[in-house]
Structure formats: structure tokens, C-alpha cells
Amino acid sequence: MAKRRKGRAINGVLLLDKPHGLSSNHALQTVKRIYFAQKAGHTGALDPLATGMLPICLGEGTKFSQYLLDTDKTYQVTAKLGVRTTTSDAGGEVVSEKPVDVSDEQLAIALDSFRGTTKQVPSMYSALKHQGQPLYKYAREGIEVPREARDITVFNLELLRFEGDEVELNIHVSKGTYIRTIIDDLGELLGCGAHVAHLRRSAVGNYPIDKMVTLAELEALLEQAIADEVTPSEVLDPLLLPMNSAVDGMQCLYIDDMSANFLRHGNPVQAYNAPAEGSVQVYIGEDENDANAEFIGVGFINDDGLLAPKRIVVI
């Protein structure tokens with residue numbers, strides 16, 4: 001029996017522009033196949049009906065996916081007023097239909113109620129888990145599970161267009177915010193119901209939108225490389241962002257090789273210029289001006305004031 005290939009040990013982050021109609025997991029598996037990667041993971045699922053930025057972590061980069069799950073995100077959403085659905089988007093069954101008689105002033109007042117920090121009850125059609133199963137599985141079986149309201153923050157909410165029964169918004173939100181729930185709640189506030197007609201994620205943290213690539217572009221590069229008898233990695237790997245891009249903004253600490261070896265074996269070390277607490281990026285090198293500094297992962301300051309390992313790269 002032939003030994004199964006395990007794939008390449010390729011590390012980094014790909015900013016995928018997920019297409020409409022494809023699940024995040026399907027998109028992930030396609031990227032993993034194109035890159036022939038050993039490991040891959042996404043950083044917060046987009047609904048099949050949604051498009052836009054889906055960071056895919058490859059190899060050791062999967063160790064830092066949680067930090068992207070926890071970061072803020074920006075969306076462009078088109079809401080359809082007058083129709084409420086079971087899933088709060090265009091893929092659900094119609095629950096109610098009501099006439100739309102909403103003024104500019106009424107809409108402005110309703111939208112303002114979502115700005116800042118508020119409470120949100122997650123949708124039953126979310127990936128949150130209850131007793132090991134995602135809520136959407138219970139919802140498909142007609143089972144309602146009690147959910148606790150959670151704090152969310154809408155950092156910015158901009159009205160882009162209001163025409164007839166359509167409202168187009170740009171929304172910058174904190175982690176764990178469900179745009180479908182905001183739109184459903186907006187429809188209830190306006191007394192006519194509403195659902196998401198179109199949804200696109202334009203930003204995850206500080207990742208640049210111009211670095212996004214589509215599956216079609218990746219497939220084309222792969223096919224061209226094969227046709228030109230070029231190793232696919234030569235054209236695909238330059239599209240990857242470094243692993244430390246997932247923890248951008250976190251304070252950096254620089255240590256020597258001996259300290260790095262201790263960290264890699266699970267032992268805390270003394271580190272200079274360390275903060276009093278919290279997580280930090282860890283590099284082998286002199287300081288931020290060291291062009292050869294090597295990112296080795298994320299550590300945290302323990303109760304003894306020492307730098308302890310949290311997510312360490314193994315290459």
C-alpha cells in the first residue's frame with residue numbers, strides 16, 4: 001500500500017477573497033489542495049452567501065488563527081426591508097412580509113441605537129456551539145436553544161444608501177458580532193422586518209484589502225505553473241503574508257538563541273523591556289532594527305514577571 005503524502009510544510013497567511021455560494025470550509029480545503037499544505041485553518045467562518053476577506057492560515061500559521069478570530073472586522077451589507085426570514089438572510093424561509101413605510105429620520109434613529117457597545121443575542125443560525133454541536137444544526141431540526149446576550153461594539157456604522165426597501169451599510173464591529181442579527185433587529189425596530197440580501201467582509205484587523213486573492217486566480221496560477229513546468233510554490237508562496245501578521249499590533253520582545261531554546265522547551269525566561277502583563281510577539285534578535293530578527297511565536301508575562309511560551313513556532 002502506497003504511503004499517503006502529507007503535503008508541504010508551508011507556513012503563512014493567505015488573504016482569500018471568498019466567493020459567493022461557497023462554505024468557508026470548502027474554500028479552506030481548496031486552498032489547502034492548491035498549496036499542497038500539511039495544515040490549514042480559517043479564522044472565522046463567512047456564511048456561504050457572504051463574500052470577502054477570509055484569512056487562511058497555513059502550517060505553523062494555524063497556531064495564531066485565534067488572534068484573528070478575536071480581532072475586529074468590517075462589512076458592507078445590503079438589507080432588504082419588509083421581509084423577515086428564518087436565517088435573517090436571503091437563504092432562509094420567509095417568516096413575515098410587511099409594507100415598508102420608513103422615513104430617513106426613522107432609519108437614522110434606529111441605526112444610531114446600534115452604535116457603541118450594546119448587547120446582542122446570537123442567531124440560532126450561527127456556528128456557536130451548544131453541547132458540542134453548532135447552533136445551526138439545532139435550528140435546522142427546529143430546536144430552539146437558550147442563548148445569553150453578549151457585549152458587542154459597533155465602532156462605526158455608516159449609511160451608504162437608502163432606496164425604496166434597500167439599506168446599504170458599512171459596519172466596523174468587534175469580534176463575535178453577527179451582522180445578520182443586527183439587520184434582523186433593525187427590521188424589528190423599524191416595524192417592517194428585514195434580512196441580509198448581500199454581505200461582504202472587507203477587512204479583518206489591519207490586513208490590506210489589496211492583498212486579497214480569489215480562488216480563480218490561485219487556480220490559474222497553478223495551471224500556468226504546471227504548463228510552464230515551473231514549481232507551483234514559486235508563484236504561489238509569494239502571495240502568503242508572514243505568520244506574525246496575525247498578531248500585528250502586539251508588543252514585540254527580542255531574545256537571544258539560548259532563551260529561545262528554553263522557550264521552545266516550555267520554560268519561562270527573563271526578558272528585558274517586557275510589559276507588566278499580557279501577550280507579546282517574540283523574536284530572536286537584537287531589537288526592532290535587526291533585519292535578521294526571526295519570529296518564533298507568542299509568549300506571555302507570567303505571575304513571576306517572566307516571559308513564558310504560549311504559541312511557539314516549530315520549524
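This is a predicted model: local features need pLDDT of at least 70, side-chain atom pairs count only at pLDDT 80 or more; totals for chains, interfaces and linings use all residues.

Colleague: What does the UniProt annotation say about residues 180–247?

Modeller: An unreviewed UniProt entry annotates residues 180–247 as "domain: tRNA pseudouridylate synthase B C-terminal". The unreviewed entry also gives residues 254–313 the annotation "domain: tRNA pseudouridine synthase II TruB subfamily 1 C-terminal". That span is 13% helix and 37% strand, and its end C-alpha atoms lie 15 Å apart.

Colleague: Is Cys57 buried or exposed?

Modeller: Cys57 has a relative accessible area of 0% and is therefore buried. Cys57 is placed in strand E3. If neighbours within four places in sequence are left aside, its contacts include Gly12, Val13, Lys39, Thr62 and Leu68. The C-alpha atoms of Cys57 and Ala293 are separated by 22 Å, and these two residues are 236 residues apart along the chain.

Colleague: Which residue does the UniProt annotation "active site" cover?

Modeller: The annotation, again from an unreviewed entry, covers Asp47. Asp47 lies in the loop between strand E2 (40–42) and strand E3 (51–58). Because its relative accessibility is 26%, Asp47 counts as partly exposed; that class lies between the cut-offs of 20% and 50%. Apart from neighbours within four places in sequence, Asp47 is in contact with Lys18, Leu22, Asp89 and Arg180.

Colleague: Let us turn to pairs of helices. At what angle do the axes of H1 and H6 cross?

Modeller: The axes of helix H1 (residues 24–35) and helix H6 (residues 215–227) cross at roughly 20° and come within 10 Å. H1 and H6 are therefore roughly parallel to each other, since angles under 35 degrees are classed in that way. Their crossing is left-handed. On the H1 side, Ala27, Thr30, Val31, Arg33, Ile34 and Tyr35 take part, meeting Leu215, Leu218, Glu219 and Leu222 in H6. By class, this contact of H1 with H6 has seven nonpolar, one polar and two charged residues.

Colleague: Which residues make the contact between H3 and H5, and how are their axes arranged?

Modeller: The axes of helix H3 (residues 104–112) and helix H5 (residues 179–190) come within 10 Å and cross at roughly 135°. H3 and H5 are therefore oblique to each other. H3 passes H5 in a right-handed crossing. Gln106, Leu107, Ala110 and Leu111 of H3 make the contact with Leu186, Leu189 and Leu190 of H5. The residues of this contact of H3 with H5 divide into six nonpolar, one polar and no charged.

Note on methods
Residues are numbered from 1 along each chain as its sequence is written. Side-chain values use heavy atoms; hydrogens and water are left out. Axes are lines fitted to C-alpha atoms, for helices over the stretch in contact, and angles run from 0 to 180 degrees between N-to-C directions. Helices (H or I, at least four residues) and strands (E, at least two) are DSSP runs, numbered from the N terminus. Angles under 35 degrees count as roughly parallel, over 145 as roughly antiparallel, 65 to 115 as roughly perpendicular and the rest as oblique. A crossing is left-handed if the near helix is turned anticlockwise from the far one by less than a right angle, and right-handed if clockwise. Contact means heavy atoms within 4.5 Å. Ala, Val, Leu, Ile, Met, Phe, Trp, Tyr, Cys and Pro count as nonpolar, Asp, Glu, Lys and Arg as charged, and the others, Gly among them, as polar. UniProt positions are given in the numbering used here, feature names are shortened, and annotations may be inferred rather than shown by experiment. Buried means under 20% relative accessible area, exposed over 50%, partly exposed in between (1.4 Å probe, protein chains only).
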